Each structure stands twice: as structure tokens, then as C-alpha cells.
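Here are a few exercises to work through with the model open on your screen. Try each one before reading its solution.

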Amino acid sequence: MKRYFLILSLILLTSCNFGDEEPSEIMDDAKKPSEEITTYYFIRHAEKDTTDTSNKDPELTEAGIKRAQNWTKTFKDIDFDLIYSSDYKRTVNTAKPIAKDQNKEIKFYDTEKLNDKDFQEKTKNKTVLVVGHSNLNPEWVNYILGKKKYQDLDESVYGSLFIVTIHPNGDRTSQVLYFD
């Protein structure tokens with residue numbers, strides 16, 4: 001009986017029509033991630049200099065510079081299509097090591113127009129890093145999700161990573177990780 005089943009299986013396999021594609025090409029396509037997925041990685045800028053409370057655009061501290069460098073290790077296996085930052089020294093200097101490591105240009109977003117139609121079109125079906133702020137990142141993630149899931153981050157939290165995925169069927173998922 002086993003021999004009969006084996007012979008029947010071989011006949012069926014050899015008679016299958018794979019079209020113009022070789023079976024190996026079909027398997028390669030099955031391994032490819034969907035090109036219709038949009039994934040956003042939101043990180044907060046690294047530690048900023050808070051010694052001058054009147055300075056609205058401070059530089060990173062030594063700890064912040066180190067954290068910015070460490071993000072390159074965190075993202076070493078993620079190939080970003082686009083890297084966005086707000087136009088502040090602390091966010092740009094957090095994005096720079098990642099952009100340099102991936103040979104990408106830093107694009108700027110308007111902090112007053114989060115997730116506008118232009119941003120949605122430019123990032124559709126892409127893997128995108130957004131370097132933002134303790135209040136903007138959760139707000140932006142909530143906007144993409146269409147619900148209030150996350151609260152503003154405490155000012156002392158610098159190692160947050162929000163990952164938001166928009167699936168081909170329109171479902172939206174998210175998670176948040178913290179790195180110290």
C-alpha cells in the first residue's frame with residue numbers, strides 16, 4: 001500500500017503545471033515578505049542636555065550620544081527605506097548614526113502635521129524609522145492605530161521603541177519595547 005501511495009504521489013507531482021515558473025522560483029516567492037506591509041519604528045530622541053531649561057533645542061548629552069550609537073546595533077538587521085526626524089538637534093543627532101550606518105538621508109516631518117496624507121503616501125509599503133519625542137511618538141502611533149492605546153512617555157524614558165505594522169488587509173498592530 002505504501003508503494004502504491006508513493007508512486008501515485010510521484011505521478012501527481014510530476015504532472016503538476018507550475019506555469020512558466022520553476023518550482024524553485026515559486027518557493028523563493030513564498031519566502032519573500034509581502035511588499036504591501038508598512039512598518040514604522042518610532043524611537044524617542046536620546047538623552048538631551050537639560051542644564052539650561054530655557055534652551056528649546058538642546059544638544060545630546062554624552063549618554064545620549066552613546067544611546068544614539070547603540071540604536072545602530074539595535075537596527076543592524078533592519079533595512080530602513082526611509083528615516084524621518086523632527087527638525088531639532090536632539091532628534092537629528094539621534095537619527096544621524098543610524099542614517100550613516102544605512103547610507104540613508106534624513107527626511108524631516110512637520111511636528112504639527114503628524115501622519116498627514118503626504119507622509120502616508122511616501123511611506124506606504126515601506127519600512128520607516130521615525131525619531132521623535134516623548135509626547136509625539138505615542139500620539140502618532142495612536143493616530144495610525146485609530147485608537148488611544150499609548151500615553152505620553154515620562155520625560156525620563158529615552159529607550160522606547162514603538163513598532164507599528166499596517167498589514168495588507170488593513171489591520172494595524174503595535175508593540176512597544178524599552179531599552180535601557
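## Exercise 1: Lys-56 and its surroundings

Lys-56 touches Tyr-88 and Arg-90, leaving out residues up to four places away in sequence; a contact here means heavy atoms within 4.5 Å. Before going on, note that this is a predicted model, where local features need pLDDT of at least 70, side-chain atom pairs count only at pLDDT 80 or more, and totals for chains, interfaces and linings use all residues. Residues are numbered from 1 along each chain as its sequence is written, and side-chain values use heavy atoms, with hydrogens and water left out.

Solution. 
- Step 1: Helices (H or I, at least four residues) and strands (E, at least two) are DSSP runs, numbered from the N terminus.
- Step 2: check the cover. The cut-offs are under 20% for buried, over 50% for exposed and partly exposed in between (1.4 Å probe, protein chains only).
- Step 3: compare sequence with space. Lys-56 and Tyr-88 sit 32 residues apart in sequence, and their C-alpha atoms are 8.9 Å apart.

## Exercise 2: the annotated arginine

Task: work out why Arg-90 counts as buried, and which residues Arg-90 touches.

Solution. 
- Step 1: start from the record. UniProt, in an unreviewed entry, puts a "binding site" feature at Arg-90; UniProt positions follow the numbering used here, feature names are shortened, and annotations may be inferred rather than shown by experiment.
- Step 2: find the element, which is helix H4 (residues 89-102).
- Step 3: Arg-90 counts as buried because its relative accessibility is 9%.
- Step 4: list the partners beyond four places in sequence: His-45, Ala-46, Lys-48, Lys-56, Asp-57, Pro-58, Leu-60 and His-133.
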